[in-house]
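Reader: I'm new to this one. Can you walk me through a few spots, starting with the aromatic rings?

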Amino acid sequence: MSNADVAVIGAGIAGLAAARTLAEAGRDVILIEARDRIGGRILTVRDPATHLPIELGAEFVHGRPPELLDLIREAGLTLYERTGDFVCYENGKLGDCGFFDEAFDVLDDLPESPDLPFAEFLAQKNLPEHIAARATGYVEGFNAADATRIGTAALRKQQQAEESIDGDRAFRMVEGYDSLAAFLRDRFIASGGQLHLSSPATAIQWGPGEVRAATSNPALPEIRAARTVIAMPLGVLQSGSPSISPEPSNSIAAIRKLVMGSATRITMLFRERFWESAAPNVSFLFAQDSPLPTWWTAAPNPSPTLTCWTAGPRALHTPTGAALKDKALATLSAIFNRRDLAELLVSFHAHDWQSDPYSRGAYSYAPAGAVTASDELAAPVDNTLYFAGEHTDTTGHWGTVHAALRSGLRAARQILSE
């Protein structure tokens, strides 16, 4: 058994930020993580054939969120801004995304009330089929969501949140996103914090001012603390593991209102940037009618990588393993009219987030009628249980690293203020 002032469960960015802040404030903190690594849905791999780390989880800094930029500066890490063209593959041809702006205009007309499923709202607009399909594809792809479920109130709040931080800009970390997680870990340990990996929490028993968290790590069977920050992904919480006894009814109700989105990521490293002859300045490539619809390059970085993202309902039907690799190569061969891509391929990397037992999905979204669920989940329970993670963000930035960071800092402030 191990005793602490605070137990933090989950060493993603939210848990790391909370643990670091509390430890630096003089609290005795134990941080446990189910995986054998830190970072959660930050998953960075390094291929010796490219100098740019390959991200299979979070990749972009979306806009200019101040808390995240401050942390990146503190850690001494380097950002570069993405540049390049949006290119579409339609009717067997590559070209400009001609009606892209019309599809985005739909999102400027989202009602706050009534809070409708996006698909229902879209049906009421009576838009041309190709515009509606583009808008649906964007909403499902960007939010890892089902358009028949995600609510217009949440989408409207998200749009406003993005506008407040220049969300149309995107940046990437040269050193790899895992370097940010490593910095938080190092600061936490330097302040006296204890980190235990490969320690899945199996049960949380609590009463006001007392928490007992059991783990499946034989070396750490139980932790006792006065308070706990529960910083596990929404999908894991919805699975019922760990059990929480007694159930905090308001928090559990909020957890059940939200939805965990689905996504699969692929990054393919090639010997050369073969796509440049057909699309010399491409940043994002959209192939809406393909089962693998969204691709991007590392531009302006010269890394010869192509990343594919499939999310929402499509991700539930995406193949895995060798079949996924074959599908990706076939898709690119059709788009670029190349038959030699298997010979040009250096390495193939993929991660299916919904089948990952320690995430059970990509990131959260609020269905119609649930726009306030994150606010409900962010409220402390008897000054003892504190939930953190991107699904608890109250500012509309769901699904982002800066949302996770903000939630961890918020949970730490809540504890320190009591």
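Reader: Which residues form one aromatic cluster?
Author: F60, F86, F284, F286 and W296. Rings of Phe, Tyr and Trp (its six-membered ring) pair if their centres lie within 6.5 Å; planes under 30 degrees apart count as stacked, over 60 as edge-to-face and the rest as tilted.

Reader: What should I know about the model itself?
Author: This is a predicted model, where local features need pLDDT of at least 70 and side-chain atom pairs count only at pLDDT 80 or more, while totals for chains, interfaces and linings use all residues. Residues are numbered from 1 along each chain as its sequence is written, and side-chain values use heavy atoms, with hydrogens and water left out.

Reader: OK. How many aromatic pairs does the structure hold?
Author: There are 14 aromatic pairs. Take F86 and F284: their ring centres are 5.5 Å apart and their planes are at 70°, so this pair is edge-to-face. F86 belongs to strand β7 (residues 85-90) and F284 to strand β17 (residues 282-286), so the pair ties together parts 198 residues apart in sequence. Strands (E, at least two residues) and helices (H or I, at least four) are DSSP runs, numbered from the N terminus.

Reader: F284, buried or exposed?
Author: F284 counts as buried, at 16% relative accessibility. F86 is partly exposed, at 40%. Buried means under 20% relative accessible area, exposed over 50%, and partly exposed in between (1.4 Å probe, protein chains only).

Reader: And what kind of pair do Y138 and F142 make?
Author: Their ring centres are 5.5 Å apart and the planes are at 15°, so that pair is stacked. Y138 and F142 are 4 residues apart in helix α5 (residues 129-143), about one helical turn.

Reader: Switching to T294. Where is T294 placed?
Author: In strand β18 (residues 294-296). T294 is buried, with a relative accessible area of 13%. Beyond its neighbours within four places in sequence, T294 is in contact (heavy atoms within 4.5 Å) with residues including F284, F286 and W309.

Reader: Now helices. At what angle do α2 and α13 pack?
Author: Helix α2 (residues 66-75) and helix α13 (residues 401-416) pack at about 90°, with their axes 8 Å apart. That makes α2 roughly perpendicular to α13, a term for angles of 65 to 115 degrees.

Reader: Which residues make the contact?
Author: P66, E67, L68 and L71 of α2, and V401, H402, L405, R406 and L409 of α13.

Definitions and conventions:
Axes fitted to C-alpha atoms, helices over the stretch in contact; angles between N-to-C directions. Parallel < 35°, antiparallel > 145°, perpendicular 65-115°, else oblique.
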